[in-house]
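Biologist: Please guide me through the reading of this model, one feature at a time.

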Amino acid sequence: MPRPTVAQLAYGSATVILSTLAMLLLSQTSSGPGIGVIAISAVILGLFVAMSVPTRKAAAQPQSEPAADGPVTARRIPSPARGTAAESVREREPAGP
């Protein structure tokens, strides 16, 4: 099971707090069982809101590593700002005996 994101935690918590306050003010209940029912229903509502928040999809994994055909090759590396960026990579020659 994946961990909840910050947005899910924030929306769920805000929903629980605000819906509890709204239901307590609107119902004007002061009995223990009434407050318990309101609290439980607010938590359930908060869970529904937290689970309905859209999450980010995982970044696409590279399918295969390109074959190196020389000392200088261009590879695609993920960039958080623009997806992928081309970068020149200079590989070292193996040290001979």
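Modeller: Helices (H or I, at least four residues) and strands (E, at least two) are DSSP runs, numbered from the N terminus. F48, in turn, belongs to helix 2. This is a predicted model, in which local features need pLDDT of at least 70 and side-chain atom pairs count only at pLDDT 80 or more, while totals for chains, interfaces and linings use all residues. Residues are numbered from 1 along each chain as its sequence is written, and side-chain values use heavy atoms, with hydrogens and water left out.

Biologist: What does the secondary structure of the chain come to?

Modeller: The chain has 2 helices and 2 strands, and along the sequence they follow the pattern α-α-β-β.

Biologist: How many residues does helix 1 have, and what span does it reach?

Modeller: The expected span of a helix is 1.5 Å times one less than its number of residues. Helix 1 runs over residues 6-27 and has 22 residues; from its first C-alpha to its last it reaches 31 Å, close to the expected 32 Å.

Biologist: Which residues of helix 1 are buried?

Modeller: Buried means under 20% relative accessible area, exposed over 50%, and partly exposed in between (1.4 Å probe, protein chains only). In helix 1 the buried residues are Q8, G12, T15 and S19. They lie on the same side of helix 1, because they cover an arc of only 60° around the axis; the arc is that of the directions from the helix axis to the C-beta atoms. On the other side of helix 1, V6, I17, L18 and L25 are exposed. For the chain as a whole, 12% of the 97 residues count as buried.

Biologist: What covers the buried residues of helix 1?

Modeller: The cover includes helix 2, residues 32-52. T15 counts as buried because its relative accessibility is 16%. Not counting residues up to four places away in sequence, T15 touches T20, L45, G46 and V49, where contact means heavy atoms within 4.5 Å. The C-alpha atoms of T15 and F48, 33 residues apart along the chain, are separated by 9.6 Å. F48 itself counts as exposed, because its relative accessibility is 59%. Over the chain, 29% of the contacts with a separation of 6 or more join residues 24 or more positions apart.

Biologist: Which residues form a nonpolar patch on the surface?

Modeller: Nonpolar side chains (Val, Leu, Ile, Met, Phe, Trp, Tyr) are joined within 5 Å, given over 30% relative accessible area and no salt bridge. Here I17, L18 and L21 form such a patch, with about 320 Å² of accessible area together. L18 is exposed at 58% relative accessible area, whereas L21, at 47%, counts as partly exposed. The C-alpha atoms of L21 and I38, 17 residues apart along the chain, are 9.3 Å from each other. The chain exposes about 8,500 Å², of which carbon and sulfur atoms supply 64%.

Key
Patches are made of residues with over 30% relative accessible area and no salt bridge: like charges are joined within 9 Å, nonpolar side chains (Val, Leu, Ile, Met, Phe, Trp, Tyr) within 5 Å. Accessible areas come from the Shrake-Rupley method with a 1.4 Å probe; for residues, only the protein chains shown count as cover. A salt bridge is a side-chain nitrogen of Lys or Arg within 4 Å of a carboxyl oxygen of Asp or Glu.
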